[in-house]
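Hello,

Here is the structure I said I would pass on. My notes on what was found in it follow below.

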Amino acid sequence: QLNSGSGLAQTFGELTNDTVVVPDDFKLGGETLMRLDLIRRFGIQVCGIHREGRRILVPAGTEMILPGDHLLVLGTLGQIGELQHWFETPEPAAPAA
């Protein structure tokens, strides 16, 4: 069912997309999107990955995130900022087993 209420429009209005670069020293590089669970952790949807001149659009949960990847993400500015900070943390919290 579609909801055209003002609350929903306001929520969508807060969304933006941006590119976030996975640092070369990211300790969890090689983990899959499913395992990192960025949607639950930050509310971030990864819409694409740019890796070594190759684009992966709408990546599957089995796709690994590698150091140097450029991620096209969808979320609020706050969520994207939290993700960027997490990537830059020397010892990011590992995903739950």
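Predicted model: local features only at pLDDT ≥ 70, side-chain atom pairs only at ≥ 80, totals over all residues.

Leu 66 lies in the loop that runs between strand 3 (54-57) and strand 4 (70-75). Leaving out residues up to four places away in sequence, Leu 66 touches Val 22, Gly 30 and Arg 51. Phe 26 is 40 residues from Leu 66 in sequence, and their C-alpha atoms are 8.2 Å apart in space.

The open sheet has four strands in the order 1-4-2-3, with antiparallel pairing. Strand 1 (16-21) and strand 3 are at the edges with a single partner strand each, so one side of each has no neighbour in the sheet. From one strand to the next, the twist averages 20°. Five bridges join strand 2 and strand 4 in the antiparallel sense, and Gly 48 is opposite Leu 72 in strand 4. Helix 4 packs on the sheet, where it touches strand 1 and strand 4, and its direction makes about 10° with that of strand 1.

**The core**

The largest nonpolar core has 19 residues, and those touching the most other members are Leu 38, Leu 71, Val 73, Leu 83, Trp 86 and Phe 87. Helix 4 (77-88) is among the elements that each supply at least two residues of this core, and the largest share, four residues, comes from helix 4. Beyond its neighbours within four places in sequence, Leu 38 is in contact with Leu 33, Gly 43, Ile 44, Val 46, Leu 83 and Trp 86.

Regards

Definitions and conventions
Residues numbered from 1 in each chain as written. Heavy atoms only, no water. Contact = heavy atoms within 4.5 Å. Core = buried A, V, L, I, M, F, W, Y, C linked by side-chain atoms within 4.5 Å. Buried < 20%, exposed > 50% of the residue type's maximum accessible area, 1.4 Å probe, protein only. Pairing = 2+ DSSP bridges. Axes fitted to C-alpha atoms, helices over the stretch in contact; angles between N-to-C directions.
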